[in-house]
Amino acid sequence: MSVAQGIFAPIGATMREAIATYSPDEQATVLRFLLDAVDAAARALEEGGGSRSGMG
């Protein structure tokens with residue numbers, strides 16, 4: 001646990017600093033995009049879009 005804290009605590013601190021530079025409206029837009037992107041990726045995987053055919 002202490003190893004994970006040593007790795008992720010600094011990342012969390014710098015992420016909070018970066019997020020603080022965005023207005024609440026901008027933060028809401030970014031959150032909406034991230035949630036939509038995760039949902040779209042999940043739907044693609046469910047529909048079989050997770051195969052590697054055609055990639056590369």
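Student: Which helix do aspartate 36 and arginine 32 lie in, and how many residues apart are they?
Tutor: Both lie in helix H2, residues 24-46. They are four residues apart, about one turn of the helix. Helices here are DSSP runs of H or I with at least four residues, strands are runs of E with at least two, and both are numbered from the N terminus.

Student: Before I go on, what should I know about the source?
Tutor: This is a predicted model: local features need pLDDT of at least 70, side-chain atom pairs count only at pLDDT 80 or more, and totals for chains, interfaces and linings use all residues. Residues are numbered from 1 along each chain as its sequence is written, and side-chain values use heavy atoms, leaving out hydrogens and water.

Student: OK, back to that pair. What do aspartate 36 and arginine 32 form?
Tutor: A salt bridge, with the closest N and O atoms 3.9 Å apart. The term means a side-chain nitrogen of Lys or Arg within 4 Å of a carboxyl oxygen of Asp or Glu.

Student: How many salt bridges in the whole structure?
Tutor: Two. Aspartate 39 also forms one with arginine 43, at 2.4 Å between the closest N and O atoms. That pair lies in H2 too, four residues apart.

Student: Is arginine 32 buried or exposed?
Tutor: Exposed, at 57% relative accessible area. Aspartate 36 is partly exposed at 45%. Buried means under 20% relative accessible area, exposed over 50%, partly exposed in between (1.4 Å probe, protein chains only).

Student: And what share of the protein is buried?
Tutor: Of its 56 residues, 2%. The protein exposes about 5100 Å², and carbon and sulfur atoms supply 64% of it. Those areas come from the Shrake-Rupley method with a 1.4 Å probe; for residues, only the protein chains shown count as cover.

Student: New topic. How many helices and strands?
Tutor: Two helices and zero strands. H1 covers residues 2-20.

Student: Where does H1 bend?
Tutor: At phenylalanine 8, by about 30°. The bend is the angle between axes fitted to the seven residues ending there and the seven starting there. Proline 10 follows within four residues.

Student: Which residues make the nonpolar surface patch?
Tutor: Val3, Ile7, Phe8, Ile11, Met15 and Ile19, about 600 Å². Patch residues have over 30% relative accessible area and no salt bridge; like charges are joined within 9 Å, nonpolar side chains (Val, Leu, Ile, Met, Phe, Trp, Tyr) within 5 Å. Isoleucine 11 is partly exposed, at 42%.

Technical notes
The expected span of a helix is 1.5 Å times one less than its number of residues.
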